[in-house]
Amino acid sequence: MKKKTNNNRLPVPGKVKKGFRYYVALVLTIALSGSLAMSAFAAGSDPLTVVNNLSTFIFGLIRAVGIILLGWGIVQVGLSLQSHDPSQRSNGFLTLAGGIVITFAKEILDLIIGA
């Protein structure tokens with residue numbers, strides 16, 4: 001006997017899932033290609049340069065996650081507008097806002113620090 005679940009969420013169409021997978025792969029490829037191109041050898045270089053390179057790499061990864069959240073927020077808002085679901089719409093806008101904050105985290109921290 002199968003257990004019946006009450007799921008009120010609309011299913012995400014297969015084309016949207018496939019497109020979002022391509023979007024995530026593209027964002028990660030672009031983010032990691034710029035970050036992995038720097039030299040990993042620290043011999044003869046200033047330790048501060050090594051720390052700055054690591055910081056740049058980590059903020060690149062954080063930016064990639066933020067861009068992915070931005071894309072997913074746009075998908076959620078679009079699906080909620082199609083289905084007229086206010087709770088999904090609010091979740092979509094919250095995901096969109098979180099993606100913006102995460103994408104621009106380095107710039108926000110620079111503004112706070114005053115650098």
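The confidence score used here is pLDDT, the predictor's own confidence in each residue, on a scale from 0 to 100. The model is predicted, and local features are reported only at a pLDDT of at least 70, side-chain atom pairs only at 80 or more, while totals for chains, interfaces and linings use all residues. Residues are numbered from 1 along each chain as its sequence is written, and side-chain values use heavy atoms, with hydrogens and water left out. The protein chain averages a pLDDT of 82, and 81% of the residues score at least 70.

**Fold and confidence**

- The protein chain holds 4 helices and 0 strands, where helices (H or I, at least four residues) and strands (E, at least two) are DSSP runs numbered from the N terminus.
- Read from the N terminus on, the elements follow the order α-α-α-α.
- Where pLDDT is low, the predicted coordinates should not be read in detail.
- Of the 115 residues of the protein chain, 21% count as buried, a class that means under 20% relative accessible area, with exposed meaning over 50% and partly exposed lying in between (1.4 Å probe, protein chains only).
- Among contacts in the protein chain with a separation of 6 or more, 65% come from residues 24 or more positions apart, a contact being heavy atoms within 4.5 Å.

- Ser80, which is found in helix α2, is buried because its relative accessible area is 0%, and Ser80 touches Asp85, Gln88 and Arg89 when residues up to four places away in sequence are not counted.
- His84 follows α2 and lies in the loop between α2 and α3, where its 63% relative accessibility makes it count as exposed.
- The phi of His84 is near 60°, a positive value in a residue other than glycine.
- Most residues other than glycine have a negative phi.

**Contact of α3 with α4**

- The axes of helix α3 (residues 86–103) and helix α4 (residues 105–113) come within 5 Å and cross at roughly 65°; axes are lines fitted to C-alpha atoms, for helices over the stretch in contact, and angles run from 0 to 180 degrees between N-to-C directions.
- In this contact, Val101, Ile102 and Thr103 of α3 meet Ala105, Glu107 and Ile108 of α4.
- The residues of the contact of α3 with α4 divide into 4 nonpolar, 1 polar and 1 charged, with Ala, Val, Leu, Ile, Met, Phe, Trp, Tyr, Cys and Pro counted as nonpolar, Asp, Glu, Lys and Arg as charged, and the others, Gly among them, as polar.
- Thr103, in helix α3, counts as buried at 6% relative accessibility and touches Arg63, Gly66, Ile67 and Leu70, not counting residues up to four places away in sequence.
- Lys106, in helix α4, counts as partly exposed at 32% relative accessibility, and the C-alpha atoms of Lys106 and Gly60 are separated by 9.3 Å although these residues are 46 residues apart along the chain.

- The structure holds 2 aromatic pairs, for which rings of Phe, Tyr and Trp (its six-membered ring) must have centres within 6.5 Å, with planes under 30 degrees apart counted as stacked, over 60 as edge-to-face and the rest as tilted.
- Phe20 and Trp72 form a tilted pair, 5.1 Å centre to centre and with 55° between the planes.
- This pair links distant parts of the chain, with Phe20 in helix α1 and Trp72 in helix α2, 52 residues apart.
- Phe20 counts as buried at 17% relative accessibility, whereas Trp72 is partly exposed at a relative accessible area of 30%.
- One aromatic cluster is formed by Phe20, Tyr23 and Trp72.
- Val27, in helix α1, counts as buried at 9% relative accessibility and touches Ala64, Ile67 and Ile68, not counting residues up to four places away in sequence.
- Val27 and Ile67 are 7.3 Å apart in space, C-alpha to C-alpha, and 40 residues apart in sequence.
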